[in-house]
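Here is a short briefing on selected local features of one protein model. The points are grouped by topic.

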Amino acid sequence: MDNVDFQLPEDIQLLRQSIREFVDCEVEPLTAEIEEQDEIPKKIMDMSKEMGLFGLSIPEEYGGAGIGMVGKCAIYEELGRTHNGYTTVIGAHTGIGSVGIVEMGNEAQKKKYLPPMARGEMIGAFALTEPEAGSHASNLKTTAVKKGDKYILNGSKHYITNAPIASVFTVMAVTDPSKGAKGITSFIVEKDFPGFVIGKKEKKMGLHGSHSAEIFFEDCEVPAENVLGREGEGYVNALKILANGRAGLAARNLGSCEKLLEMSIQHANTRIQFGKPIFEQQIIQHYLAEMALDIEALRSMTYRVAWMVDQKMKVIKEAAMVKLLGSEVYNRVADKALQIHGGIGYISDYPIERFYRDARITKIYEGTSEIQKNIIAAQLKKQYI
């Protein structure tokens, strides 16, 4: 393998620093409000648009930042240090919500959708999961039948992140039931298309401010020109979109872990028990050492996989590995951070409790930990047998 170079260009380093300042000065003071109101303040959304955060994945010729995967991970790492609901709104849009159009869209589709998406005027969402097709995505029931110059979609999707605020959806539907996974096609669906209905917001345990909802297709009319890629390649497209986004998700988890470690070290040095800081207790030192070890392992793999994505290398196995590692590490770090903080960590007035709740979904969304293991094993079989 070629030498891996994680040296960030100066412009990315400057952007990273400005985002850290934005997170610390603007987002962090409003985290309690986000949690209580279950809404990202308009001020924060507007500032995020002005900073170009919605255009991270979009090429410069379409008004975006055109940042590679390594650079995006550096940005996601900073965003992961704050409220995960806010981070998810940005990450779902710049990741699975827009990558499909960037990677598989034709020129007309890119010119139509990418500039307003880069400006944050159109928010993107990815619609794959169904009641009977979650991690086993090839079991889709939503159908698309071509009639003239349109496709008629019928079915439903659920747990669709950004659905209540999204304007454009990358949707997977079955165009040929006889072909299984090879009979699935990707579509770009606008929220105002006839027959497209967005359900009520789902009330979640965590990720407050990031809304998901069920969506319904009731004889939904989608122009044939809105087929994304080729007919029958939707399942392959979905795998590519998900694989591309997994390093980014790991980077967001990495940022959250770093924040938890920082807070835990600070608490351990200021919390006095038996006449001395609890940092002096060996068990606390071991917890902190284990957290730091996990974080460094995650950092190394996250940026290695991001580099592989930028080199256009095949990353099916590695993307599954880094998603699995990222979610498992985040949950382990959050658990140790809560243990170190003790009772105060369990109280919702303090951020540890929020991070602990938000960590749990990472083992489920964008492919469960169990499914990642299945993907890894399948790739190992191809590699060694």
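**Strand and pocket briefing**

Beyond its neighbours within four places in sequence, His 158 is in contact with Thr 129, Glu 130, Pro 131, Glu 202, Ala 213 and Glu 214. The model is predicted. The points below take up His 158 again, then strand S5, Met 172 and the second largest pocket.

**His 158**
- His 158 belongs to strand S3, which spans residues 150-161.
- The relative accessible area of His 158 is 13%. Buried means under 20%, so His 158 counts as buried.

**Strand S5**
- Strand S5 covers residues 184-190, and seven of its seven residues are buried. The strand is therefore largely enclosed by the rest of the structure.
- In a regular strand, side chains alternate between the two faces of the sheet.
- Both faces of S5 are covered. Ile 184, Ser 186, Ile 188 and Glu 190 are buried on one side. Thr 185, Phe 187 and Val 189 are buried on the other.
- S5 pairs with strand S4 (residues 168-174) in the antiparallel sense, over seven bridges. Thr 185 in S5 is the bridge partner of Ala 173.
- S5 is also joined to strand S8 (residues 227-228) by two bridges, again antiparallel. Here Phe 187 stands opposite Val 227.

**Met 172**
- Met 172 sits in strand S4.
- Its relative accessible area is 0%, so Met 172 is buried.
- Setting aside neighbours within four places in sequence, Met 172 is in contact with residues including Ile 184, Thr 185 and Ser 186. Its other contacts include Phe 126, Ala 127, Leu 128, Leu 140 and Thr 142. Lys 157, Gly 234, Ala 238 and Ile 241 are also among them.
- Ala 127 is 45 residues from Met 172 along the chain, yet their C-alpha atoms are separated by 6.6 Å.

**Second largest pocket**
- The second largest pocket holds about 220 Å³ of space.
- Its lining includes Glu 28, Thr 31, Ala 32, Glu 35 and Glu 36. Ser 348, Asp 349, Tyr 350, Pro 351, Glu 353, Arg 354 and Arg 357 also line this pocket.
- Helix H2 (31-37) and helix H11 (351-360) each supply at least two lining residues.
- By class, the lining has seven charged, three nonpolar and two polar residues.
- Why does the pocket lie between domain 1 and domain 3? Domain 1 (10-119) and domain 3 (235-384) both give residues to the lining, so the pocket lies between them.

How values were computed
Residues are numbered from 1 along each chain as its sequence is written. This is a predicted model: local features need pLDDT of at least 70, side-chain atom pairs count only at pLDDT 80 or more; totals for chains, interfaces and linings use all residues. Side-chain values use heavy atoms; hydrogens and water are left out. Buried means under 20% relative accessible area, exposed over 50%, partly exposed in between (1.4 Å probe, protein chains only). Helices (H or I, at least four residues) and strands (E, at least two) are DSSP runs, numbered from the N terminus. Two strands pair if DSSP finds at least two bridges between them. Contact means heavy atoms within 4.5 Å. On a 1 Å grid over the protein atoms alone, a cavity is a set of points where a 1.4 Å probe fits but cannot get out, and a pocket is an open set with protein on both sides within 12 Å along at least five of seven lines; lining residues have an atom within 4 Å of a point. Grid points are joined across faces, edges and corners, and a volume is the space filled by probe spheres set on the points. Ala, Val, Leu, Ile, Met, Phe, Trp, Tyr, Cys and Pro count as nonpolar, Asp, Glu, Lys and Arg as charged, and the others, Gly among them, as polar. Domain bounds come from an automatic or database domain assignment.
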